[in-house]
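Please look over the sequence and the model before reading on. The briefing is arranged by topic, so that each group of points can be checked against the coordinates in turn.

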Amino acid sequence: MAKSTKQQLEPQHNPSINLKGTLIAVMLLGVFILATWFGCYYLFLSR
Amino acid sequence: MMNPLKIAKQDARLYMSFMYVTFASLLVGGLMGLLQTLARSGKFTLPFNINYYTILTVHGVILGLVLTTFFIIGFQFALMGKTVGISDKQRKAGWWAFWLMLVGTVMAAVTILVGQANVLYTFYAPLRAHPAFYIGLALVIVGSWVAVFTNFRQLYVWKKANKGQKSPLLAFMVVINMAMWFIASLGVAASVLIQFIPWSLGYAETINVLLSRTLFWYFGHPLVYFWLLPAYMAWYAIIPKIIGGKLFSDSLARMSFILLLMFSIPVGFHHQLTEPGIDPTWKFIQVVLTFMVVIPTLMTAFSIFATFETTGRRLGHKGLFGWFKHLPWKDVRFLAPFIGMVAFIPGGAGGIVNASHQMNSLIHNTIWVTGHFHLTVATTVILTYFGIAYWLVPHLTGRRLTPRLNKLGIIQSIIWTVGMTIMSTAMHIEGLLGGPRRSNFSTYAGGDQVQSWIGYQMAQAVGGTILFIGIVLMVYIFIQLAFFAPRGVEEFPIAEEEVDAEPTPKLLENWYLWIGITIALILFAYTIPVFDILKHSPPGSVPFDWPIGRY
């Protein structure tokens, strides 16, 4: 189980994994959602 | 992580029975979808005087209710059998669930096919179907409850035998999904048993339409999460194994499922935003609760990207997105669900538009909504189910996914993507131009606006035809995997935790707490408005068999 194996971990395993790509991908996802929402909101206002 | 168990032959037979119904439903329901898109193009008349609303109802019921429920319950039984095991008694209960659901399905399907239940899958009152339709649906739900309590029992027995250990992640997820399904389906069961069956039998003269629709959507929104959560199970706990990685975070996955349990039920009013008779304050409150679902959804997106990136970097791929190029694109067990994930981006964004109170008026009852759920359930969910079937079916039948079948699966995924992109995009645009959903082809006495819809309806027929080719190919692959592929062993992929993973907090398995909060939220969101509906409703409606209910 996780707890018992915790002591056995190798030092190079744990330190910060580079997740820059993930950060940018989720940011782009957020931008897409906002763009869709505001696009439809503009359409709503213009009608 | 516990070692996964071996699935015995007699257990595999039970799980496969659910799969046979799933893929038979795919063929029948898909054919109805093709006929609908052709009929709505205005260039094709349905043969043998078939009623458009009959095929529309078959399509919705067979794909939205039957295919999904059978696949989910079969898949979840397999997950439980693999992670916590199944006893002889539990297997017998599983067969009860299967037969009850099958008898109910056949009853409802025959009633629809003989034209006695053209009420669409939402069966809105005051349209009335033959009582056999409602009784059939009630049997499907009762059968699913047998599965619910069997799954609960499976985990309970395991926990007793493994005191102090955390439950396997997939078993935990199955129990969350079944808890949500049970709590939600109580609403539709109450409506069917107390309102629809007596009314359709003639024992009650009228029906409270608003109450029936409110109870339907109390069930109807969590229904879409019931479809989606098995896909999330695969994304969180199976895909990492397929791409050669590990589980990103056991705690994050459990927390996301708990949030989905809490926030997927007290939100049905966002399907009823144009409904008179519900206080706007309560609509607003339920819209806010709906938006809370964004949190676990984005947690899932983050977790998936992080799994991909962590795995890619560990395999030595550099650069900001270097890990992305090296995902196993030629493995259909990964590709089909991945396309499903991508489709969930526009699908989810569209869903936020639908649930936004004012903007709902822009798209309400238009074919935009149909385009939306063909991205979510008919792409995200179904392509993930296909992705699961590519390994689950041969695993259960003792066969192998051969390179040829893998290639056919990739072709199938591409066909689906092309067909759905054409059909769903055309539906979204036509919806923004005011094109209605649900209705048969009409020129509406030659209105100008109608002319702008016709081209998109033609595009939907093209997309629908391509999708039907994809369905035939998928059914062929399923038959091959079930009966003809070479004998062998196909892996049941379950991702393991990192060796240095943080322990999962025990709090995440406090069922009393999470189910208690869920019930409290439901009571908060529904008690006063339902009381208002009961107290202030206009007189109930007599049944209408015309224009589309029965003929």
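The model is a predicted one. Chain B is built with 17 helices and zero strands, and 15 salt bridges are found over all chains of the structure.

**Overall form of chain B**

- With 17 helices and zero strands in chain B, the radius of gyration comes to 23 Å, close to the 24 Å that the globule rule gives for 551 residues, so chain B is as compact as a globular protein of that length.
- The C-alpha trace of chain B spans about 65 × 50 × 45 Å along its principal axes, and 62% of the 551 residues of this chain count as buried.

- Side chains of opposite charge can pair when their charged atoms come close.
- Glu509(B) and Lys159(B) form a salt bridge through their side chains, at 3.3 Å from N to O; because Glu509(B) belongs to the loop between helix 16 (448-484) and helix 17 (511-536) of chain B, while Lys159(B) belongs to helix 4 (residues 131-161) of chain B, the pair ties together parts that are 350 residues apart in sequence.
- Lys166(B) and Asp250(B) are both buried.
- Glu498(B) meets Arg314(B) in a salt bridge of 3.0 Å, N to O; Glu498(B) lies in the loop between helix 16 and helix 17 of chain B and Arg314(B) in helix 10 (residues 294-314) of chain B, so parts that are 184 residues apart in sequence are tied together by the pair.

**A network of salt bridges**

- Lys159(B), Lys166(B), Asp250(B), Arg254(B), Glu497(B) and Glu509(B) are linked in a network of salt bridges.

**Positive patch on the surface**

- Lys89(B), Lys92(B), Arg153(B), Lys160(B) and Lys163(B) gather on the surface in a patch of positive charge, to which helix 3 (88-113) and helix 4 of chain B are the elements that give two or more residues.
- Among its members is Lys160(B), which lies in helix 4 of chain B and counts as exposed at 51% relative accessibility.

**Nonpolar patch formed by residues of chains A and B**

- Leu23(A), Ile24(A), Met27(A), Leu28(A), Leu320(B), Phe321(B) and Phe324(B) make a nonpolar surface patch of about 610 Å².
- Helix 2 (residues 20-46) of chain A supplies the largest share of the nonpolar patch, four residues.
- Leu23(A) is found in helix 2 of chain A and is partly exposed, with a relative accessible area of 47%.

Technical notes. Residues numbered from 1 in each chain as written. Chains lettered and ligands numbered in written order. Predicted model: local features only at pLDDT ≥ 70, side-chain atom pairs only at ≥ 80, totals over all residues. Heavy atoms only, no water. Salt bridge = Lys/Arg side-chain N within 4 Å of Asp/Glu carboxyl O. Buried < 20%, exposed > 50% of the residue type's maximum accessible area, 1.4 Å probe, protein only. Patch = residues over 30% accessible without salt bridge, like charges linked within 9 Å, V, L, I, M, F, W, Y side chains within 5 Å. Areas by Shrake-Rupley, 256 points an atom, 1.4 Å probe, with all protein chains shown as cover. Lys, Arg positive; Asp, Glu negative; His and termini not counted. Charge placed at Lys NZ, Arg CZ, Asp CG, Glu CD. Rg over C-alpha atoms; globule rule 2.2 N^0.38 Å.
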